[in-house]
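Here is a briefing to read beside the sequence and the 3D view. Please keep both open as you go.

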Amino acid sequence: MTSVTLIQLPAAVQTGDGPDLIGMAEEQIRAVAESDLIILPEVWYPGYFSFDGYSTASDMTPKLLERLAGLAAETGSCLHAGSLIEADGDRLYNTSVLFGPDGGELGRYRKIHLFGYGSKEQEYLTAGTDMVVADTPLGRLGLAVCYDLRFPELFRRMTEMGAVGFLVASAWPYPRVEAWSTLLRARAIENQAFVVACNGVGQTGYQTALCGRSAVIDPWGTTLVSLGDDPGTATAQIDLQGPADARNRFPALADRRLLGEPGSDLVFRTDEGTPLRFSAKRLILAGYSARDTASVDAYIAKLEEEGIAPPDEVPSYFVLGADRLTTDTEIEVATASSCGEVEYALLVADSEVWVAAASDHTDRALETVDMAASKQSCAKVLSADVWRLSDLEDHWDDLMFRAWTPVGSQNTYQAGPVAALKPPEELLRLVEDRFGGPMAGTVILSGTIPARGEFEFHPSFTAQLRDPVTARSLTASYSVINVLEDN
């Protein structure tokens, strides 16, 4: 049997006289040193809702993780450090780290699903992109954080990667305590796996209280041990052969029928916060699409000086595979000479046209040889949020483009009015006249505005479409990985 201990720490308060959480965590870890696995809550230091202190806290995280690694080695336990605020360049992440009994790092997971409802997590942090299933002396364990619980596909994918249990660090608040308990059991039942979930507890100082109820759930959905709404610890004895036994006795996972989805399906957030699944069927990039024909002529002349042949038609169009579209925060390229450019995107659904911020990431060196190939060579990044075009039509020309490279730069790489480009209704008409066929499933990128200088090649890029009338923005921000860089 394997002993698993939950350490339910009190929420940090902002009055300056709160508990010494680091000291308390160290003391309680030592007190349960006989456990095979110990787990802490989400952002227990400096406290999940201490958003203004995230940057400062990230400076302490490396030393704090070093101390926790030492405690893992001291106790001889696998120690899940909960989650902490991690800095990587100019970005912050909500990061979980799992240490082995020798103090070595077994897994590091950056929270993929950032919470936005009454939280500033999406404002301050960057979403992770990678699922993590760690090989441990206790078996293969998947890592997740709090809001991730609401996304069953993450846990199913980790199950497919061999996970027999999930470690969940959380800062789940009281108003949704029933959801917390229900989702823990659901993730265990549907994946026939253990769920070990550690939550914070008590008032945070932001008129929000964490609900506690940390628990260990077995593969049948039975709660083996749980805590209430006070700080404390609880230990359960689990048999990590249990998932294999459950899956053999009741083969629900083996009975699944996979429902394939098109690889070009994208999921966006609408104004109402509801998901929009969009099946992209074709991607068309517009070029040389400025309203001012003189500026188009000047731009073509400038490109000719750089060795780029003039287009055969104006506006010009490039048809790409719909699989070139992504909302990911990281793309891979095979060149050191690629960069983004800010555009707007039109997503034509059956009964609605949606607008996203977009970056037409392009290989600039290849552009001088083969423009179409340069466009095809890189992914095109869209914002995860979209607006209805019908909500913008009465003030479309007020919208503004902005772009930065690298991400976090104080100087804009591109900036200017959306009105410099052809308006959506004209672009839609031009594309339909030019290509015909059903428009539903078509994605059109608008073309761009001039950069404030020469092309700049950096490992990150942000494209933004701002609506000054509503003070809202659509943002596509991403990192660029050159897969040939180390070869």
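What separates D433 and R429 in helix α10 (residues 424-435)? They are 4 residues apart in that helix, which means about one helical turn lies between them. This is a predicted model, in which local features need pLDDT of at least 70, side-chain atom pairs count only at pLDDT 80 or more, and totals for chains, interfaces and linings use all residues. Residues are numbered from 1 along each chain as its sequence is written, and side-chain values use heavy atoms, with hydrogens and water left out.

**Salt bridges**

- Side chains of opposite charge can pair when their charged atoms come close.
- The structure holds 24 salt bridges (a side-chain nitrogen of Lys or Arg within 4 Å of a carboxyl oxygen of Asp or Glu).
- D433 and R429 form one of them, with their closest N and O atoms 3.8 Å apart.
- D433 is exposed at 58% relative accessible area, while R429 is partly exposed at 43% (buried means under 20%, exposed over 50%, partly exposed in between, with a 1.4 Å probe and protein chains only).
- E190 and R187 also meet in a salt bridge, at 2.4 Å from N to O.
- E190 and R187 are 3 residues apart in helix α5 (residues 177-191), so about one helical turn separates them.
- R187 is buried at 6% relative accessibility, but E190 is partly exposed at 27%.
- R213 and D229 form a salt bridge of 3.8 Å, N to O.
- R213 sits in the loop between β11 (209-211) and β12 (215-217), and D229 in the loop between β13 (223-226) and β14 (232-238), so the pair ties together parts 16 residues apart in sequence.
- Helices (H or I, at least four residues) and strands (E, at least two) are DSSP runs, numbered from the N terminus.
- A network of salt bridges links E86, D88, E105, R108 and R110.

**Aromatic pairs**

- A search of the whole structure finds 15 aromatic pairs (ring centres of Phe, Tyr and Trp, its six-membered ring, within 6.5 Å; planes under 30 degrees apart are stacked, over 60 edge-to-face, the rest tilted).
- W172 and W180 make a tilted pair, at 5.4 Å centre to centre and 50° between the planes.
- W172 is buried at 3% relative accessibility, and W180 is buried at 0%.
- Y413 and F461 have ring centres 6.0 Å apart and planes at 85°, so this pair is edge-to-face.
- Y413 lies in the loop between β27 (400-404) and β28 (414-417) and F461 in strand β30 (residues 460-467), so the pair ties together parts 48 residues apart in sequence.
- Y413 is buried at 4%, and F461 is buried at 2%.
- Ring pairs join Y48, F49, F51, Y54 and Y124 into a cluster.

**A buried lysine**

- K380 belongs to strand β25 (residues 380-382).
- Is K380 buried or exposed? K380 is buried, at 0% relative accessible area.
- The K380 side chain reaches the backbone oxygen of H361 at 2.6 Å.
- K380 touches several residues, including L283, R324, D360 and L445, when those up to four places away in sequence are not counted (contact means heavy atoms within 4.5 Å).

Key. A polar contact is a pair of N or O atoms within 3.5 Å; within protein, one must be able to donate a hydrogen and the other to accept it, and residues adjacent in sequence count only if both atoms are side-chain atoms.
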